[in-house]
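Please keep the sequence and the structure in view while reading.

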Amino acid sequence: ANNQGDIGEFILPHQGSVLGITQPPYGSTAPAITLNQKVGPNLQLYGYTLSNQAAVPGETIWATLHWRASGLIQQDYHISLRLLNATAQTVAGWDSQPIYGSYPTTQWPANLHLRDPHPLKIPQNLPPGQYQLKLALTDAGNHSPAKAAEVSLGQIEVVERKASFEL
């Protein structure tokens, strides 16, 4: 694996598409950015950690969300990460229930602290510039917005890939 967490890319037979395999970053269990923001009944986004705040097109950035459940959660939430351009259009995104869809919020016990990594692949054709990373929660059943507002997770700078040559 390289320092972006990329393990490899594999061509899928008969589809002609490429599957990129990555691993979540290792590191501290404490978030780099502390928010303590209530996002639903008994649910708090304690903070988050971004693997990088700059990336070249084609790289994967990991957004590790740190959740706290202060009590039982009655609703299953779907997590939506969006990378927005200067005109607030979505240029990349990731949608899933927590822990890759394997741990619905209605199964979380009270007083849970959970570290939840999400990959965000930067599109190959994305031009350099500043992009806003946003998090929103939706109802997992019908994808209607949850009562909590969107949460800003900061800026991501997309930079040009530097050409390198080996002699």
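How many bridges join strand 7 to strand 10? Eight bridges join strand 7 to strand 10 (residues 129-139), and the two run antiparallel. Here strands (E, at least two residues) are DSSP runs, numbered from the N terminus, and two strands pair if DSSP finds at least two bridges between them.

The model is predicted, and local features need pLDDT of at least 70, side-chain atom pairs count only at pLDDT 80 or more, while totals for chains, interfaces and linings use all residues. Residues are numbered from 1 along each chain as its sequence is written, and side-chain values use heavy atoms, with hydrogens and water left out.

Strand 7 covers residues 77-84. Within its pairing to strand 10, I79 has L137 as its bridge partner. Strand 7 also pairs with strand 8 (residues 90-96), in the antiparallel sense and over six bridges; there, the bridge partner of S80 is D95. Five residues lie between the strands in the hairpin of strand 7 and strand 8, where A88 takes a positive phi near 65 degrees. Strand 7 is mostly covered, with seven of its eight residues buried; buried means under 20% relative accessible area, computed with a 1.4 Å probe on protein chains only.

Strand 6 (residues 60-69) is largely enclosed by the rest of the structure, because nine of its ten residues are buried. Seven bridges join strand 6 to strand 4 (residues 43-50), and these strands run antiparallel. In this pairing, L45 stands opposite W67, and L43 has A69 as its bridge partner. Ten bridges join strand 6 to strand 9 (residues 112-121), again in an antiparallel arrangement. There, T64 has P117 as its bridge partner.

Conventions: Buried < 20%, exposed > 50% of the residue type's maximum accessible area, 1.4 Å probe, protein only. Helix = DSSP H or I, 4+ residues; strand = E, 2+ residues; numbered from the N terminus.
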